[in-house]
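Morning, everyone. Please look at the model on the screen while I talk.

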Amino acid sequence: MAIFLRKSHNILVEMLTPLDTALIAQLRRDARASVTELAARTGASRNTVRHRLARLEENGTILRYTIETAPETAPGVRAIMTIELQGSLSRSVIRALRALPEIETLHSTNGAWDLVAQLAATDLAGIDAVLRRIREIPGVTNSETSLLLAPV
């Protein structure tokens, strides 16, 4: 299981206490840990742990608890694509990319490339098709793709 935290973008975020930080670290290791286990691992009382978790959820620091599967168990083909954009069209390109279901994640980056996309499709033909669609988006000036093979 994984724990997802809210990112701050010009939002005043409540300062995390040392206990909050310890709880988040424990939940990143095992999001299925019970309140009793978390209390034992952090040295806090069960009531304190329950209260801090409720507060972290309420203020949006903890967004959700979810399952995270090993990459090798995911069916299909995965790839990483770096994308160079024509600056004036970057917003429309990003909107078009977000609409593609084969794009699992999309990040802005620094350096020679403007965006990094993680792609997933059922087979190589599916990856080929999405690469073609991406390269045809007005404002995409260059790209490079690497297939993800085995985790190491």
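**Helix packing and the sheet**

Helix 1 and helix 3 are roughly perpendicular to each other; that label covers angles of 65 to 115 degrees. This is a predicted model, where local features need pLDDT of at least 70, side-chain atom pairs count only at pLDDT 80 or more, and totals for chains, interfaces and linings use all residues. Residues are numbered from 1 along each chain as its sequence is written, and side-chain values use heavy atoms, leaving out hydrogens and water.

Now the helix pair. The axes of helix 1 (residues 18–29) and helix 3 (residues 46–58) cross at roughly 85° and come within 11 Å. Axes are lines fitted to C-alpha atoms, for helices over the stretch in contact; angles run from 0 to 180 degrees between N-to-C directions. Helices are DSSP runs of H or I, at least four residues, and strands are runs of E, at least two, numbered from the N terminus.

Which residues of helix 1 meet helix 3? Leu19, Asp20, Leu23, Ile24 and Leu27 do. Their partners in helix 3 are Thr48, Val49, Arg52, Leu53 and Leu56. Contact means heavy atoms within 4.5 Å.

Four strands form an open sheet, order 4-5-3-6, with antiparallel pairing. Pairing takes at least two DSSP bridges between two strands. Strand 4 (103–108) and strand 6 (140–148) stand at the edges with a single partner strand each, so one side of each has no neighbour in the sheet. From one strand to the next, the twist averages 20°.

Strand 4 runs antiparallel to strand 5 (residues 115–121), joined by five bridges. His107 sits opposite Val116 in strand 5.

Conventions:
Angles under 35 degrees count as roughly parallel, over 145 as roughly antiparallel, 65 to 115 as roughly perpendicular and the rest as oblique.
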